[in-house]
Amino acid sequence: MAIFEIDEVKKSFKTGDVTEQILKGVDLELKQGEITALVGPSGSGKSTMLTIAAGLQRASGGHVMFDGKDMTQMNQEQIRKIRSSEFGFVFQSAHLVPFLTVEDQLLLMLDVAETKMNKKQQKQEVAKVLDLVGMSHRKDAYPSSLSGGERQRVAIARAIIHQPKMLFADEPTASLDSKRSKEVMEIIRNLTKTLKITTLMVTHDEEMLPYADRIVTMKDGLLA
Amino acid sequence: MQMAWKEVKKSKMKFLILGSIIFLVSFLTFIISGLANGLSEDNAALIKNLPNGQFYLNEDADQTYNLSKIDEKQQEDLLKKYTDATAISIQMGFVNDADDKQFSVAFVTATDSKLFPNVKENEIVLDSSLKDDGIKVGDILKNNQFSGEFKVKGFTEKQTYSHAPVAFINMKNYQEIYRVMEMQTVFIPGSDAPDSIKGLESFSNKEFLNTIPSYGAEQMSLNMIIWFLVVISGMLFAIFFYMMNVQKIGLYGILKAIGVKTSKLFSMMWYQMLLITVISLLLSVGLSQVFSMVAPSGMPFSLTMQTTLTLSAVFLVIGFIGATISGFQIKKVEPLQAIQQGEM
């Protein structure tokens, strides 16, 4: 059964008198625990598709159904709540908070997601997730002292620590070399399978496609 | 709050700079406020030490007590009707000691009253600041307009006028020195004082201070400096937090993307503002109080704890407003825009 449905989603931008149609009616269903890779040439609308699905921008038309609820009918606060508790994000850059240690980054996410854990449980959960991404030894480090690959691992840990139902990854390996990209993708795959997280991932890198369960190609604002 | 504190800990230098600026501006404000109060005391302690009441000047005096002359008959009637009332005259002048050293004083004379020392003819009661110049009880002082001599009868505390120590003398001696029979003003203490008396214009204590030449202008200039500094500190807060917020737009965007509430980001900023301001103010309050204790005795400086606390509260409010205005950027930040900007 689909946990996430995108139904006839359209997006257009107006620049002066010109209206540009980025998404022309996209339909997509995502199943629980499945990794879907969204591929296609630049400008095909992949990232716009992902950000609309993730509730980071609104569609011009159509419906985005998550867990049976239509996100296009929700207000900003309702969407924020879903983003904080049900969604996880991994971006092209790690986007970590520069003044928080690795451990604090994850504790912040648990706090934002309003999980019903006490401080001790939160710390235990952080230790467990850091272990899963192989970053336990750097829990007290600040982002500035981490390598690109390490930062991305922390970003993944932050994205899944609150056990979201959905993970949105926008070119998660774009800033990494081939070896580190594979490591990161393996972590994403293992975690999503273990925790049964539904993942929608945008990528340009063909080497990452074997990690996906399903590959969807976009072209000119439509699914090919 | 924890996140706000962690940022302060990690970016010590940034917050130290802001704290130093707030400390310096607030310290300067306290010092100038102390000087303004000190000068105000120095200029008008004689009037400020009086209880609340009403001063009456001649209507033709153009609201200047120097030009006021109270009709003798009217004065007599008023003093009879209001038993606590007193007629006062003040004129600048000087006295010479036995070595012919001259001291500038404000000669004050008044009808019998509990508010002023009772001085007999050829006696003088001086402000205690003249003790520092070597004048003692029993000394003989002269004035070239006065045929007799003044014997120093005693000293009063903090009685100055127009930046000069007050010299209380008997009315007859005053009339001889200034060749005038009428008194300049009548003062009726308490709330029973009438709002208007025919032929006279009434002034509250505060209003009367403004009839002293230079008092209003001096205080206005100093108060303007004080409020200018307060406004500048508010602007500093706004500018500094604006700069910090501009630097952190990417971070705010990401935090919003992962679901952090805008109100939490505002709280973070307010906590930081409060922390910096309170620490800076504590330091400047402490230092200004120390300065108040060690300031040279000749320096007109008076900084009460109440003034300091009032100004501190104003600083906190101004800081809060400044930081909040700059924080409107946080509200405008779009998560998507921040993500597209790349690494912070």
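Tutor: One term before we start: contact means heavy atoms within 4.5 Å. Also keep in mind that this is a predicted model.

Student: Okay. How many residues of chain B are in contact with chain A?
Tutor: There are 23 on the chain B side, and they are in contact with 28 residues of chain A.

Student: What area do the two chains bury between them?
Tutor: About 2200 Å². Carbon and sulfur atoms account for 67% of that area.

Student: Which elements of chain B give residues to that side?
Tutor: Those that give two or more residues are α1, α7, α8 (262-294) and α11 (335-340) of chain B. By class, this side of chain B has 13 nonpolar, 3 polar and 7 charged residues.

Student: How many salt bridges cross between chain B and chain A?
Tutor: The rule finds 2. In one salt bridge, the side chain of B:Lys6 meets that of A:Asp104, at 3.1 Å from N to O. Across the same interface of chain B and chain A there are also 5 residue pairs in polar contact.

Student: Where does A:Asp104 sit?
Tutor: In α3(A), where A:Asp104 is one of the buried residues.

Student: What comes just after α3(A)?
Tutor: A:Glu114, which takes a positive phi of about 55°.

Student: Back to α1 of chain B. Where is B:Trp5?
Tutor: B:Trp5 is in that helix, α1 of chain B.

Student: Which residues does B:Trp5 touch?
Tutor: Leaving out residues up to four places away in sequence, B:Trp5 touches B:Tyr271 and B:Leu275. For a sense of distance, B:Trp5 and B:Pro300 are 41 Å apart, C-alpha to C-alpha. In sequence, 295 residues separate B:Trp5 and B:Pro300.

Student: New topic. How is chain B divided?
Tutor: Into two domains. Domain 1 takes in 2-43 + 216-340, while domain 2 is 46-211. Taken over C-alpha atoms, the centres of these domains of chain B are 45 Å apart.

Student: How many residues are in contact between domain 1 and domain 2 of chain B?
Tutor: 7 residues of domain 1 of chain B are in contact with 7 residues of domain 2. The area buried between these domains of chain B is about 630 Å², with 29% from carbon and sulfur atoms.

Student: Which three residues of domain 1 supply more of its buried area than any other three?
Tutor: B:Glu41, B:Asp42 and B:Asn43. Together they supply 67% of the area that domain 1 of chain B buries against domain 2.

Student: How many salt bridges are there across the interface of those two domains?
Tutor: The rule finds 0 salt bridges between domain 1 and domain 2 of chain B. It does count 6 residue pairs in polar contact there.

Student: Which elements supply the domain 1 side?
Tutor: α2 (12-48) and α6 (215-247) of chain B each supply at least two residues. The largest share, 5 residues, comes from α2(B). The residues on this side of domain 1 divide into 1 nonpolar, 3 polar and 3 charged.

Student: And how many salt bridges does the structure hold over all chains?
Tutor: The total is 19. One of them joins A:Lys182 and A:Glu207, at 3.3 Å from N to O.

Student: What does the pair tie together?
Tutor: A:Lys182 lies in helix α6 of chain A, and A:Glu207 lies in the loop between β8 and β9 of chain A, so the pair ties together parts that are 25 residues apart in sequence.

Student: Are those two buried or partly exposed?
Tutor: Partly exposed. A:Lys182 has a relative accessible area of 34%, and A:Glu207 is at 40%.

Student: Which residues are linked in a network of salt bridges?
Tutor: A:Asp67, A:Glu86 and A:Lys165.

Methods: Residues are numbered from 1 along each chain as its sequence is written. Chains are lettered from A and ligands numbered from 1 in the order in which they are written. This is a predicted model: local features need pLDDT of at least 70, side-chain atom pairs count only at pLDDT 80 or more; totals for chains, interfaces and linings use all residues. Side-chain values use heavy atoms; hydrogens and water are left out. Domain bounds come from an automatic or database domain assignment. Buried area is the accessible area (1.4 Å probe) that two parts lose on being put together, summed over both. A salt bridge is a side-chain nitrogen of Lys or Arg within 4 Å of a carboxyl oxygen of Asp or Glu. A polar contact is a pair of N or O atoms within 3.5 Å; within protein, one must be able to donate a hydrogen and the other to accept it, and residues adjacent in sequence count only if both atoms are side-chain atoms. Helices (H or I, at least four residues) and strands (E, at least two) are DSSP runs, numbered from the N terminus. Ala, Val, Leu, Ile, Met, Phe, Trp, Tyr, Cys and Pro count as nonpolar, Asp, Glu, Lys and Arg as charged, and the others, Gly among them, as polar. Buried means under 20% relative accessible area, exposed over 50%, partly exposed in between (1.4 Å probe, protein chains only).
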